[in-house]
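Okay, thanks for coming, everyone. Let me put the fold up on the screen and walk you through a sheet and a pair of helices.

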Amino acid sequence: MQRVAVLGSLFFWNNIKQHFSAFPQVQFIHFPYTVPEQSVELIDEAAAQSDILLFAGSISYHYCIDKIKAKKIQATYISFDELTLSLSLLSIQHNQKVELSKLSIDLPKKDILHQVLIESDIQPPKLHVIDYAWVYDQNEKINHFQIDDYIMFHKELYKAGETELALTSLHAVYEALQQARIPASYMVERKQTFISTVNKALNAYKNTLLISSQIAVVSIRSRENATISNQQLWMENLEKVSKMFHARVAQSLQEPYLIFSTRGVIETIDRVYLTSLMRQFEVQFETTFHIGIGFGYSLHEAEKHSSQALFFTTKFDEHSTVLCLVDEESRLHGPLFENNKKIALSNNNQQILKVAEKLKMSAKNLNLIRQFIKLNKNRPFSATELATYLNLSRRSAERMINRLMEQNYLELSGEEHPYHQGRPRKLYKATNLLEI
């Protein structure tokens, strides 16, 4: 069962809940707000509890757009189109008998109204219209959006006697006008628009799951004429790295060495960490490597693509490790990291360096902790789990956790009770401050 978090007003929720029966395999969870900007305070909790975020409209969605992109959250909003406006105007004309010139209208784009009038062969009368088209074109202006400006637009026209009814596309405006006893109508909530929006979101989510669950095969081979003298130590290192990423190493002492994982895990690995790890292996085993990654919907397909990627690595620089990737459509990507090796190694992210210094922690360990949290989708974790991932003692992991707790980068999330007798283990969760 998929879970859809609905971020919108109670008014919006009451309007759409009658359509939930069209999705028996979906659980809808309401995260209510009074005004659109409050969606920013809700998005983290909503994302943690659901698979898809459904925003009531474009305003609340665009308040959260930066976080949606940064965290790659599956999100959408109920769109506004010509049919929605046309049905709303038809309803007013039929039921309330209010002329177009006596309406005050707010909507996403004025052009939508003009297009409807032109296609309906209606000569535009004097119109009282305000929009928020800049939401689509200049996202930075969202910070200056004031819902009161739209409420006052309708109020002043009504009190001046220029209008008889307000037609609004904003839930907060409708509710405010109702409280002020100013005649108002909300744009028609089309059942088909809701169903179509949810269906598209569900299909996109399923496609994302399908892509993330693709099999990934990593082939590793040392440079020609180079042999890894300590095979046991090499395999131990591969096992250690694979365990961190829930992957499995093929038990073979012949090259190429194979690691089996999923695309979702591979794409989660931090580039700085991966580059650092490759350099570490180069020094430790006194050789450079060819690395080929292959994605596929079957093991056979992924292995074939991994072998192809490994072949292409031989066409590049002979003096450093080269990594290429062939995806499920047989497209070659690479060599990866070729243009940013120095940047990756120097760790130029000033914000991370600043936080690491504040925490008295290495930037490498801070990056690993962030990667651990991202890999586990910010689920609560114990000190033991973090210690295993970092290959450190539990006490060392606890010291890092304490430092992060003191600066509010982590917070307590509860306790985990062991199956057998023993003390419960504390569980921790990242706060928004760790989004660096």
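So, what order do the four strands of the open sheet have? It's S2-S1-S3-S4, with parallel pairing. Strands here are DSSP E runs of at least two residues, helices are H or I runs of at least four, both numbered from the N terminus, and two strands pair if DSSP finds at least two bridges between them. Strand S2 (26–32) and strand S4 (75–77) sit at the edges with a single partner strand each, so one side of each has no neighbour in the sheet. From one strand to the next, the twist averages 25°.

Quick word on the source: this is a predicted model, where local features need pLDDT of at least 70 and side-chain atom pairs count only at pLDDT 80 or more, while totals for chains, interfaces and linings use all residues. Residues are numbered from 1 along each chain as its sequence is written, and side-chain values use heavy atoms, leaving out hydrogens and water.

Back to the sheet. S1 (residues 2–8) and S3 (residues 52–55) pair in the parallel sense over four bridges, and Leu7 stands opposite Phe55 in S3. Helix H10 (residues 191–212) packs on the sheet, touching S1, S2, S3 and S4; contact means heavy atoms within 4.5 Å. The direction of H10 makes about 155° with that of S3. Angles run from 0 to 180 degrees between N-to-C directions, with axes fitted to C-alpha atoms, for helices over the stretch in contact.

Now the helix pair. Ile147, Tyr150, Ile151, His154 and Lys155 in H8 meet Ala172, Val173, Ala176 and Leu177 in H9.
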